[in-house]
Amino acid sequence: MTLLEFRDVHVTYTGSRGRVPAVRGVDLALEAGQVLGVAGESGCGKSTLAMAVLRLLPKSAEVSGEILLDGEDLLTMGWGRLRAVRWTGASIVFQGAMHSLNAVQRIGRQVAEPMLVHDKDLSAAKAAKRAEALLERVGLPPSRARSFPHELSGGQRQRVMIAMALACDPDLIIADEATTALDVMVQAQVLQLISGLVKERGVGLVMISHDLSVLSATCDTAAVMYAGKVVEQGPAHEVFARARHPYSAALGAAFPVIGDPASRRNPGGLAGDPPDPGRLPEGCSFRPRCAVAVERCGEASPELLEVEGARLSACFVAQEGEPVVLG
Amino acid sequence: MSSDKVLTARGLRVEFGLPGGRVARAVDGVDLDVAPGEIVALAGESGCGKTTLARTLLGLERATGGEVAFGNVPLGRSTKALKAYRRQVQLVLQDPSGALNPRHTVYDAVAEGLRIHGITDDEPGRVAEALSRAGLRPPERFFLAYPHELSGGQRQRVVIAGALVLEPSILVADEPVASLDASVRGEILSLLLRLKEDAGLGALVITHDLGLAWSIADRIAIMYLGRIVEQGPVEQVLTEPRHPYTRALVSVLPDSPVAEPVVLAGELPDASRIPGGCRFRPRCQEVAAGNALKVLDQCEGVDPAVLGPDAEPHLVACHLDRALRDPARMSG
């Protein structure tokens with residue numbers, strides 16, 4: 001059975017500026033043992049989508065559609081059931097999560113806490129043992145359980161957060177920019193660790209990042225989001241190497257491939273800013289920044305349709321089979 | 001290339017005393033040149049000393065050994081000398097939101113440098129010129145804007161305009177795009193490249209992102225534990241890295257030109273406990289794989305010398321690399 005499924009998910013915030021649609025109809029699915037990457041700029045709705053899974057959004061957010069975890073809708077389940085699903089069914093590692101550790105509590109105690117909350121029969125001593133084993137799994141010496149967060153480096157703290165996310169053996173892990181603030185080598189260590197867990201334990205992983213090149217190297221499938229919608233979806237490496245939406249192409253070009261002469265002394269980018277979600281343009285929301293837009297793009301908003309094989313694109317130009325990059 | 005506007009560091013050392021009498025050698029012998037019209041990337045992991053090196057190059061940190069000079073004139077310690085120096089060498093900070101005072105307009109933020117340096121003629125003209133060079137056009141439209149009214153990319157441009165207004169020869173930029181979105185990143189990097197090409201500005205860009213170096217830099221220096229371990233033209237260093245540390249860094253990038261990814265275990269050691277011999281040896285994948293047996297006594301006992309200005313543009317501080325290039329030493 002599909003591990004995680006988003007069915008026509010909408011999230012709308014209501015604030016001083018009225019109703020702001022942050023996520024506008026997302027359909028995505030993830031099988032156990034697979035990695036799904038979600039890419040996009042800040043404000044595209046990717047973190048809102050992640051938070052919606054465990055219902056961590058503020059009260060002002062209105063969520064509709066269905067989010068199924070093992071066939072069970074997370075959006076309608078009772079709070080008691082939801083509490084059980086958090087940590088044991090699915091867990092999240094946030095961006096900069098290392099700042100969310102309790103500064104005055106030892107690491108081991110913090111890793112053991114979710115286990116103790118979810119398993120009333122577990123003794124504190126056993127939980128402490130398991131916490132040490134988890135720290136070892138993420139590449140930290142078990143003696144680190146006695147340390148306080150300030151005694152650890154940023155990379156080590158981020159590993160502690162991953163150990164916590166694993167504490168209750170979840171089936172699904174959501175990593176929201178979990179490695180963005182880390183150095184290249186530490187990022188490689190953490191990514192290696194996470195991919196190892198996916199292979200060895202068959203957990204499902206959703207990786208959210210603004211860096212399409214990292215996703216292409218670690219994910220099976222990638223979805224690119226723009227202004228609250230998925231605009232392109234397909235095998236991760238294909239989406240990065242041969243984008244079928246002009247936005248994915250620009251996002252991919254922002255991170256050069258070392259050794260590729262085309263990107264040498266030629267920083268890629270994309271002029272302009274993402275649209276204000278409260279005032280989206282008519283037609284395709286990417287049109288004002290798009291170099292290949294045609295007349296039709298101003299009139300109607302393109303649906304996410306199959307353009308070839310397993311590739312989906314919400315771009316009229318790509319759907320006509322035309323190239324999405326100039327030149 | 002005239003040497004009268006080159007920023008140079010020779011044998012530069014910066015040490016910090018720690019509690020318990022230990023000494024952290026944050027910068028431990030660095031030779032580096034940045035000339036107008038070239039972009040030099042200084043890359044390394046957090047804690048390798050790259051930000052301390054940048055601060056020392058700007059006279060914000062006092063060197064405990066060696067020397068910083070601009071145009072062959074050593075950097076003095078007096079306020080007056082530092083002020084004159086900073087007209088030529090300007091800092092661009094990371095995190096534009098933190099670098100701008102939220103209660104100052106764009107005009108005041110950019111004009112601040114002029115006021116500090118007592119430049120009073122044609123202030124509006126100079127501010128407008130700096131803003132438009134930083135790509136904020138028409139500049140007058142931005143004069144009265146406050147930072148919160150600008151996008152992240154525009155804020156970073158204001159910070160760059162604040163550095164450009166004094167018409168410096170060299171910019172030192174610490175992680176200029178680290179906090180920016182993918183699309184804005186390209187915009188700011190293009191701006192740095194254009195300033196170099198059109199105005200002959202030199203820049204030292206400090207970053208942990210090797211892709212950035214590939215996008216804009218002419219030369220790159222790789223720093224490990226206070227020391228530059230490899231430097232040279234970007235094409236050579238990044239596509240055919242010779243130091244094992246550089247090879248490991250390049251190998252873990254997506255679509256890397258180095259075939260087998262090498263994920264180093266552990267983290268950068270503490271700068272107060274720099275290993276003897278080659279400082280990279282305890283983490284070196286070549287030593288671990290037994291590929292360096294013939295030079296192992298050197299790796300353990302001899303600190304590879306500080307990379308100096310040399311006839312050869314591509315320099316590597318590694319005993320194994322030296323032995324492989326000079327096989328006579330390998331057979332002994």
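1. In this predicted model, the contact between the two chains draws 34 residues from chain A and 32 residues from chain B. On the side of chain A that touches chain B, the elements giving two or more residues are α5 (154-166), α6 (184-201), α7 (212-218) and α9 (246-253) of chain A. The element that gives the most to this side is α6(A), with six residues. Sorted by class, the side of chain A that touches chain B holds 16 nonpolar, 13 polar and five charged residues.

2. A separate point concerns strand β8 (residues 204-209) of chain A, in which six of the six residues are buried, so that β8(A) is largely enclosed by the rest of the structure. In a regular strand, side chains alternate between the two faces of the sheet. Here Gly204(A), Val206(A) and Ile208(A) point one way from β8(A), while Leu205(A), Met207(A) and Ser209(A) point the other way, and all are buried.

3. As for the neighbours of this strand, β3 (residues 35-39) of chain A pairs with β8(A) in the parallel sense over five bridges, and within that pairing Leu36(A) has Val206(A) as its bridge partner in β8(A). Strand β7 (residues 172-176) of chain A likewise pairs with β8(A) in the parallel sense, over five bridges, with Ile173(A) standing opposite Leu205(A) of β8(A).

Note on methods. Residues are numbered from 1 along each chain as its sequence is written. Chains are lettered from A and ligands numbered from 1 in the order in which they are written. This is a predicted model: local features need pLDDT of at least 70, side-chain atom pairs count only at pLDDT 80 or more; totals for chains, interfaces and linings use all residues. Two residues are in contact if their C-beta atoms, placed from the backbone, lie within 7 Å. Helices (H or I, at least four residues) and strands (E, at least two) are DSSP runs, numbered from the N terminus. Ala, Val, Leu, Ile, Met, Phe, Trp, Tyr, Cys and Pro count as nonpolar, Asp, Glu, Lys and Arg as charged, and the others, Gly among them, as polar. A residue is buried if 20 or more other C-beta atoms lie within 10 Å of its own, exposed if 12 or fewer, and partly exposed in between; C-beta atoms are placed from the backbone. Two strands pair if DSSP finds at least two bridges between them.
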